Amino acid sequence: MNSLDNPARDAVFAAVDLGATSGRVMTGRVGPGTLVLTEAHRFANTPVRLPDGLHWDVLALYQGILDGLRAAGRSGPPASIGIDTWAVDYGLLDADGALLGVPFHYRDGRNNGMSERLPDGCGAAELYAVTGLQHLPFNTVFQLLAHRATVQWESARTLLLMPDLLVHWLTGSVGAEITNASTTGLFDARSGGWSDELIGRLGLARSLFPPLREPGDPAGKLLAHVADATGLPAGTPVTTVASHDTASAVAAVPATQPDFAYISCGTWSLAGLELDAPVLSEESRAANFTNERGVDGTVRYLRNIMGMWLLEECRRVWDREGPALGLAGLLADAAAAGPFAAVIDPDDEAFLAPGDMPSRIDAYLRRTGQTPPGTRGGYVRCVLESLALAHRRTLRRAAELAGREPTRIHLVGGGSRNELLCQWTADASGLPVTAGPAEATALGNILLQARTHGLVGDLAGLRRLVASTQELRHYEPRGDGRDWDRAEARIGAGPVPADV
């Protein structure tokens, strides 16, 4: 079934998809009019705090991948394997190819204040003019400024972003996939390559940064000891996919018309537009929009919004305090709570680090003259209404800056299962919302592998296949939006309209 000699037949591909809280290995069967996704293995992604800071448990993740590939192969070896993860984080290799230390977590405090230590000629405006990247304190460029003060730095010879590191361990090959490379703050948004000039200005060694790969490029073949560990045939190909999970998710947006906006909603909400060229204006920089590379030379013009992380952290605190209340119960309580009782700016820096999120929300609300919720349902409603407002605010500003007028929002990822968030995003924005697929990232990963084997066509054809085979839900906007306007004004995001 997996023979590549007959592309008209179905084939099965394995997607390794690592998120901020969990990893999974999925298999996807792809053929004419066919796209079937199956979960082979799921495992936790639990950060570890060591004396020097917060780290990813990359060895546990790698073992989870090996276990998942073994599970995926039980029904027959996949035609190829692809890996996607979150962005910005990396591992350093020494001259022998050995990993130097444990990769840091982007939420680690070592990044604080690093943006203020940039050398002359590398200020915010200069960086944006080259990279078009949203200013976030954990961008790779700032992490490197912190890292080079360590002893490890002296031995570093190669930098591999997280998906590239895992591909290296599977295949022995070294490369940098372009959609993830574009999130580092060291990538030229115009040329589509590493910015040698910027790397030099920052005093970094150009040799640290490996050759770039495009989605669809071959990444290597399983090493013999990996084949033994997974039960897969030695030489099973690993295909480069859009290794930034958001880029894979956007590739699987089931859009059948070009004028769409998207929200990839999980731990983060990444809201924006797909463009043909970057927007590098001063207005775009001041609005903190990013220009990241997508599939086939497209640009993901978006902003990172603190997404379901807020709710996940609240639930973590509540689960410690007493019997866990499932998400369905919390959402029912949120639906019953009073509307717009309290709203927050999800991107306030107080919400970035792990911790007691309900207490942080209380502190924010008191600071802004609002009354904290008295119930868990009230907190959930506060978070979801605030996210809907952030979605609206971000997409409207993106449309203004890019000169586009989206007619529909596609909300993909785990947040697409949250009916309240989907409906409130439609209500707040005044645009219809199509929700799903929830596993857009894994689907995009698999479809980009399938495309290299001749099983799907161009990006538009790939999206049509998603639209015709996956379960989607549609939400129409309700009301005239004036209640949302009032709530927006309360967090200082805009004036109350004159007719309110």
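Two strands pair if DSSP finds at least two bridges between them. Strands (E, at least two residues) and helices (H or I, at least four) are DSSP runs, numbered from the N terminus.

The model is predicted: local features need pLDDT of at least 70, side-chain atom pairs count only at pLDDT 80 or more, and totals for chains, interfaces and linings use all residues. Residues are numbered from 1 along each chain as its sequence is written, and side-chain values use heavy atoms, with hydrogens and water left out.

**Stop 1: β1 and β2.** Select residues 11-18, strand β1, together with β2; the two run antiparallel and are joined by 8 bridges. Then pick L18, whose bridge partner in β2 is G23. The link from β1 to β2 is a hairpin of 3 residues.

Stop 2: Now keep residues 22-31, strand β2. Of its 10 residues, 9 are buried (under 20% relative accessible area; exposed is over 50%, partly exposed in between; 1.4 Å probe, protein chains only).

**Stop 3: β2 and β3.** Select R29 and, opposite in β3, V36. The hairpin formed by β2 and β3 has 2 residues between the strands. In that turn, select G33, which has a positive phi of about 70 degrees.

**Stop 4: α5.** Move to residues 162-171, helix α5, where 10 of 10 residues are buried. Among them are M162, P163, D164, H168 and W169.
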